[in-house]
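Thanks for coming. I have one structure to go through today, so please look at the screen while I talk.

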Amino acid sequence: MALSKRELDELKPWIEKTVKRVLGFSEPTVVTAALNCVGKGMDKKKAADHLKPFLDDSTLRFVDKLFEAVEEGRSSRHSKSSSDRSRKRELKEFQEAPAPG
């Protein structure tokens, strides 16, 4: 489940906000570590092991939320891109159709 740079950039604000909510303060090291986990395609267990030193008891809950956010982002981008393709195809078909008359 490795993510592209663009996907990571889109996910970063959510991670920053969630880290701040979980820890009670902003911590760029944890944000970077979480981005590395999903960027490298780690599974939940590896990500949790990697983030545990930073998040202690909150690790599993944070990792679950992180992976949910990744999936939501992917499914919303997928549905958007497929609807964009559909619109482009309809426009192309319209442009190629013979003019009435």
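From the N terminus on, the elements of this protein chain run α-α-α-α. This is a predicted model. The secondary structure comes to four helices and zero strands. The chain has 101 residues, and 29% of them count as buried. Its accessible surface comes to about 7100 Å², with 54% of that belonging to carbon and sulfur atoms.

Let me take the helices in order, starting with α1. Does its length agree with what a helix should span, or disagree? It agrees, because 19 residues at 1.5 Å a residue should span 27 Å, and the end C-alpha atoms of α1 are 26 Å apart. There is a bend of about 35° at Leu11, with a proline, Pro13, following within four residues. The buried residues in α1 are Glu7, Leu8, Leu11, Ile15, Thr18, Val19 and Val22. On spacing in general, an α-helix has 3.6 residues a turn, so residues three or four places apart point the same way. After α1 comes Gly24, with a positive phi near 90°.

Next is α2. This helix has twelve residues and reaches 16 Å from its first C-alpha to its last, close to the 16 Å expected. Its buried residues are Val30, Val31, Ala33, Ala34, Leu35, Cys37 and Val38. Gly41 follows α2, and its phi is positive too, near 75°.

Now the loop between α2 and α3, where Asp43 lies. Is Asp43 buried or partly exposed? Asp43 counts as partly exposed, because its relative accessibility is 43%. A polar atom of the Asp43 side chain lies 3.3 Å from the backbone nitrogen of Lys45. Asp43 and Phe67 are 24 residues apart in sequence, and their C-alpha atoms are 8.9 Å apart in space.

As a general point, nonpolar side chains tend to be buried together in soluble globular proteins.

Take Leu66 as an example. Leaving aside its neighbours within four places in sequence, Leu66 is in contact with Leu11, Trp14, Ile15, Ala34 and Val38. For the chain as a whole, among contacts between residues at least 6 apart in sequence, 58% join residues at least 24 apart.

Key. Residues are numbered from 1 along each chain as its sequence is written. This is a predicted model: local features need pLDDT of at least 70, side-chain atom pairs count only at pLDDT 80 or more; totals for chains, interfaces and linings use all residues. Side-chain values use heavy atoms; hydrogens and water are left out. Contact means heavy atoms within 4.5 Å. Helices (H or I, at least four residues) and strands (E, at least two) are DSSP runs, numbered from the N terminus. The expected span of a helix is 1.5 Å times one less than its number of residues. Buried means under 20% relative accessible area, exposed over 50%, partly exposed in between (1.4 Å probe, protein chains only). A polar contact is a pair of N or O atoms within 3.5 Å; within protein, one must be able to donate a hydrogen and the other to accept it, and residues adjacent in sequence count only if both atoms are side-chain atoms. The bend at a residue is the angle between axes fitted to the seven residues ending there and the seven starting there. Accessible areas come from the Shrake-Rupley method with a 1.4 Å probe; for residues, only the protein chains shown count as cover.
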